[in-house]
Amino acid sequence: MIGRLNHVAIAVPDLDAACAQYRDALGARVGEPQDEPEHGVRVVFVELPNTKIEFLHPLGEDSPITGFLEKNPAGGIHHICYEVDDILAARDRLTETGARVLGSGEPRIGAHGKPVLFLHPKDFAGTLVELEQA
Ligand code: CO
């Protein structure tokens, strides 16, 4: 059911430092910061030949990233995102197998303007999983 790895999201305490490291040390193609107030994040996409890295930094008062960075002050992998063809079919199949979808269970529009869902990390080897309809 799942397709390509769309991105790996890394929460970072210092966005400029993370961008500089990926650009200068790793030689990666690093995009411009984008504010996403409705998600409480400032994001930067790093384009790799086969996938993307998404840096996440808190934006605003109750960002979902703030608590993560308190527990992981150096930053860390926040979630991984897999592509699916049909997000509603994917959701229904997952809930039938007992996996928990976070929030209302209805897809939201994610950082790339496409419908996304998040799955409970306890059901997926301790990893927060995002599904994006590609
Ligand atoms: Co994501």
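The questions and answers below go through a predicted model, for which local features need pLDDT of at least 70, side-chain atom pairs count only at pLDDT 80 or more, and totals for chains, interfaces and linings use all residues. Residues are numbered from 1 along each chain as its sequence is written, and side-chain values use heavy atoms, with hydrogens and water left out.

Me: Which residues of helix α1 are buried?
Reply: Helices are DSSP runs of H or I with at least four residues, strands are runs of E with at least two, and both are numbered from the N terminus. Buried means under 20% relative accessible area, exposed over 50%, and partly exposed in between, with a 1.4 Å probe and protein chains only. By that cut-off, the buried residues in α1, which covers residues 15–25, are L15, A18, C19 and Y22.

Me: Within what arc do the buried residues of α1 fall?
Reply: The arc is taken from the directions from the helix axis to the C-beta atoms. Seen down the axis, the buried residues of α1 line one face of the helix, because they fall within an arc of 100 degrees.

Me: Which exposed residues does the face of α1 turned away from its buried side carry?
Reply: The buried residues of α1 pack against β1 (5–11), β2 (29–30), β4 (41–47) and β5 (52–58), where contact means heavy atoms within 4.5 Å. The face turned away from that buried side carries the exposed residues D16, D24 and A25.

Me: Which residue caps the N-terminal end of α1?
Reply: A polar contact is a pair of N or O atoms within 3.5 Å; within protein, one must be able to donate a hydrogen and the other to accept it, and residues adjacent in sequence count only if both atoms are side-chain atoms. At the N-terminal end of α1, a side-chain oxygen lies 3.2 Å from the backbone nitrogen of D16, and the capping residue is D14.

Me: Is T51 buried or exposed?
Reply: T51 sits in the loop between β4 and β5. Its side chain has a polar atom 2.9 Å from the backbone oxygen of L5 and reaches the backbone oxygen of N6 at 3.1 Å. Not counting residues up to four places away in sequence, T51 touches L5, N6, H7 and V46. With a relative accessible area of 10%, T51 is buried.

Me: What is the relative accessibility of I10?
Reply: I10 belongs to strand β1. Leaving aside neighbours within four places in sequence, I10 is in contact with Y22, I53, E54, F55, L56, G76, I77 and H78. I10 counts as buried because its relative accessibility is 16%.

Me: What is the phi of A125?
Reply: A125 lies in the loop between β8 and β9 (129–133). This residue counts as exposed, at 79% relative accessibility. Most residues other than glycine have a negative phi. A125 is a residue other than glycine with a positive phi, near 55 degrees.

Me: How does L88 count at 39% relative accessibility?
Reply: L88 is part of helix α3, residues 87–96. In sequence L88 is 39 residues from T127, and the two are 21 Å apart in space, C-alpha to C-alpha. At 39% relative accessibility, L88 counts as partly exposed.
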